[in-house]
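Welcome, and thanks for taking a look at this one. Here is a short briefing to read alongside the model.

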Amino acid sequence: MRRRSNEDLRYEVEDRLPRPVALGLGLQLAAMGINSVVLMPTIVFRAGGAEELVFWAVFASVLACGVATILQGVRARRIGAGYALPHVSSAIFIAVCAEALIAGGPGLLATLVVISALAQAAFSARLSLLHRVLTPVVTGTVVMLLPVTVMPILFGMINELPPGAPLPAGPVSAIVTIVAVLAVALRTKGTLRLWAPAIGIVAGSVVGAAFGIYDTARVADAGWIGIPPGRPPVPDIGFGPAFWALLPAFLFVALVGTTKSVAVAVAAQRVSWRRPRAVDFRAVQRAVAAEGAGNLLAGFAGTMPNTLNVSGVAAIEVTGVAARRVGIAAGLVFSVLAFVPKALAVILAIPGAVVAASIAVIMATLFTVGMREVARSIDANPRNGLIAGVSFWTGVALEFDLVFPAYFAEFAGGLFSSGLTSGGLVALLLTGLTARRKRRLRGTLDMAELPRIREFIQAFSARHGLAEVRDRLEAASEEALLTLLESREAAKEAGAAEGTPDDARHELLLTASEDDDEAVLEFRVGAAAADSDDLNLQDRLAWLEADTRAADVEQEISLRLLRHLASSVRHQQFHDVDILTLRVSAVPERES
């Protein structure tokens, strides 16, 4: 089954569009993310007890996001995807950044952000390793724990009021904000839905202004052009107990954020071309490298990390413009805006209750993202549900000192005092203990690969004591190869009829494992990028291997023989990837 062409796209990535159009769309793209860019560091520095540094942190965040967005568009050597990929402050870093400020101040935060940025840059060169370590059940559990650690901070902000403010001001402003966000997000479609957080913030601010808690004095006192008072903090290189206690959590969040950025970079490629094409994983690597560069700047500037904004992908689908010039224009808008304190003050003056309420909705959405990751992993392995449950509640218990607080607070320098770290480590440990070793064969989708596949099956059968069903496994593998070849040939003919012929070479990844008295053979096929080399091929196949978001598709070819040879057959597709999974009984008495 072939993905249809995106004929509604008016400008592809490399198209040259008029500068006024590029600037106008860049302003729109920047406006969609400015709330996140400004409000996230506001939350972090207020919660971390560094209220005096809020203005500087916001200035540094806006500037870092602008530079990172420009890097994504210009594609400088090995940095930048070459797509319109705007950056915003990363919501998943709120909790760990606030903890770093409380534990060691701005210097400790700067050091941890710099190290996590270097980790991102290192993993951009080996995305295959990242996917093997951070499985969906691990990332899903960590993402579910993030709102758990952030929500108490947000609830505390909702209860805070300026001196002399009426008591209903906080709760009423927060409720109006949440209701407005949910009403727009749940009841509207298209472009308006993208503006749900901004609309909620405006509504809440209007109510706050009526109660007198919108800080108009801050706006009046801010200058029009300049740099806020202050300077970047000196990184703390003392590497004390607080550093070692928080480092695992920062690395966890950085790597989980990297997996999300990979997904955004892939999605951007999908919507940025009229005709379907294979994912260029070099561009994905460059996107992650640019994010690392942006976070390196953020660390040295003394603010929180930033990340790719998924709303940029939605904006391409809505506007039909994917030209990377739009991304560069958005980055320039951010960079200029950083030096306009008056504009930033308008956002910083928003009442704390409104800010907290809007971020709380985002955190609730983030929790559901983690739930979906775990649910998809359960489809692949039902044991993952138990792993996620144990890991999540372990994290909750240790985050709020519910079990043996006197022991865990000091154990390993306070390593397990963070629920995010403890829950993530438990998920990693349990996943490693229950992981079934898979045998892998990489090649191309071609009948010439059949001898290698037979040798692979023979070796797998001998290692796992499956000699009695080896012939059946070989026959099922041969039929699966023929099935996938027929499927691709049918897609090629359909594409030629539509005027989009598909002459790409197709990569094949065959994995074999044993599961509950069944041999599981999985064939994954995807079109190779035209300029792929060994490293790109390895990372691409690793992505195909790790991705579990494929959907079942109707078969246009007969699978009767396969169903006779295997106890179960499942055919799925994810964009240009075919996944054919066979389960063959490993017990000879059950063959009939």
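The chain has 22 helices and eight strands, where helices (H or I, at least four residues) and strands (E, at least two) are DSSP runs numbered from the N terminus. This is a predicted model, in which local features need pLDDT of at least 70 and side-chain atom pairs count only at pLDDT 80 or more, while totals for chains, interfaces and linings use all residues. Residues are numbered from 1 along each chain as its sequence is written, and side-chain values use heavy atoms, leaving out hydrogens and water.

**Whole chain**
- Of the 592 residues, 54% count as buried (under 20% relative accessible area, with a 1.4 Å probe and protein chains only).
- Among contacts (heavy atoms within 4.5 Å) with a separation of 6 or more, 79% come from residues 24 or more positions apart.

**Strands 3 and 4**
- Strand 3 (residues 439–444) and strand 4 run antiparallel and are joined by six bridges; DSSP must find at least two bridges for two strands to pair.
- Arg-439 has Ala-512 of strand 4 as its bridge partner.
- Eight of the nine residues of strand 4 (residues 506–514) are buried.

**Helices 2 and 11**
- The axes of helix 2 (residues 54–74) and helix 11 (residues 281–301) come within 9 Å and cross at roughly 155 degrees; axes are lines fitted to C-alpha atoms over the stretch in contact, with angles running from 0 to 180 degrees between N-to-C directions.
- Helix 2 and helix 11 are therefore roughly antiparallel (angles over 145 degrees).
- Residues making the contact include Trp-56 and Leu-71 of helix 2 and Arg-286 and Leu-297 of helix 11.

Note on methods. Buried means under 20% relative accessible area, exposed over 50%, partly exposed in between (1.4 Å probe, protein chains only). Angles under 35 degrees count as roughly parallel, over 145 as roughly antiparallel, 65 to 115 as roughly perpendicular and the rest as oblique.
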